[in-house]
Structure formats: C-alpha cells, structure tokens
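The sequence and the coordinates come first.

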Amino acid sequence: MDHAAAARRVGVRMADTQLLIFGSPRVGMSAMVASRLLALELPLRAQVWADDRARVWVSFSDSTYGVSDNVMKPLDVVGSLVSTALSA
C-alpha cells in the first residue's frame, strides 16, 4: 500500500511511505488459533518510509501476545525477510 500516494490524492504532502503485506494462511493459522489476538498482527506487515533527510527506514511489529515460541517460530521471519529484501 502506498500511503504517500493516497496522501497526495487528498492534497496532503507525505514523505514516501509504503506498507508491505505478506504471509501465508498455512503458516499463520496455527498461531491465530493459539491466540486470536494475533489476528491483529497477521498477515505480517512492514512499513518502509523515508524521513526528512531521505533516509529509508523499515518498521515492523514483533508482538507475540504470549504465544509460545514453538508456535511463533514459523512467523519469526519478518526481520530476515526485510534484510534480504533490502540487500537485493
């Protein structure tokens, strides 16, 4: 989702800001069954944005809502996916 483009459409200036949405129901469903609050976090999302100096940042949530590590392990990929994408 291109938030900056949406801002321009309504006459608002905003630095480049995009929301990347990714995931797999096959991977995420067991975590949501363990804690329905994870539905707030899934599908996984990362925000890529530029500050006023044109530096690019990536932000994402790593909330687990108390779900055990073994259930969360398949979802513990956001950091590595973002790093891989940025190094490409």
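In which sense do strand E1 and strand E2 pair, and over how many bridges? In this predicted model, E1 (residues 17-22) and E2 (residues 44-50) are antiparallel, with six bridges between them. Within this pairing, Thr17 lies opposite Trp49 of E2.

E2 also pairs with strand E3 (residues 56-59), again in the antiparallel sense. Here Ala50 faces Val56 of E3. The two strands E2 and E3 make a hairpin, and five residues separate them. In that turn, Ala54 has a positive phi of about 70 degrees.

The two pairings are set out below.

| Strands | Sense | Bridges |
|---|---|---|
| E1 (residues 17-22) and E2 (residues 44-50) | antiparallel | six bridges |
| E2 and E3 (residues 56-59) | antiparallel | four bridges |

The protein chain holds three strands together with four helices. Read from the N terminus, the order of elements is α-β-α-β-β-α-α. The chain is more spread out than a compact globule, because its radius of gyration is 15 Å, well over the 12 Å that the globule rule gives for 88 residues. Along the principal axes, the C-alpha atoms occupy a box of roughly 45 × 30 × 20 Å.

Of the 88 residues, 23% are buried. Among contacts with a separation of 6 or more, 50% link residues 24 or more positions apart. As for charge, the chain has 9 positive and 8 negative charges, whose mean positions lie 6 Å apart.

Definitions and conventions:
Residues numbered from 1 in each chain as written. Predicted model: local features only at pLDDT ≥ 70, side-chain atom pairs only at ≥ 80, totals over all residues. Heavy atoms only, no water. Rg over C-alpha atoms; globule rule 2.2 N^0.38 Å. Buried < 20%, exposed > 50% of the residue type's maximum accessible area, 1.4 Å probe, protein only. Contact = heavy atoms within 4.5 Å. Lys, Arg positive; Asp, Glu negative; His and termini not counted. Charge placed at Lys NZ, Arg CZ, Asp CG, Glu CD. Pairing = 2+ DSSP bridges.
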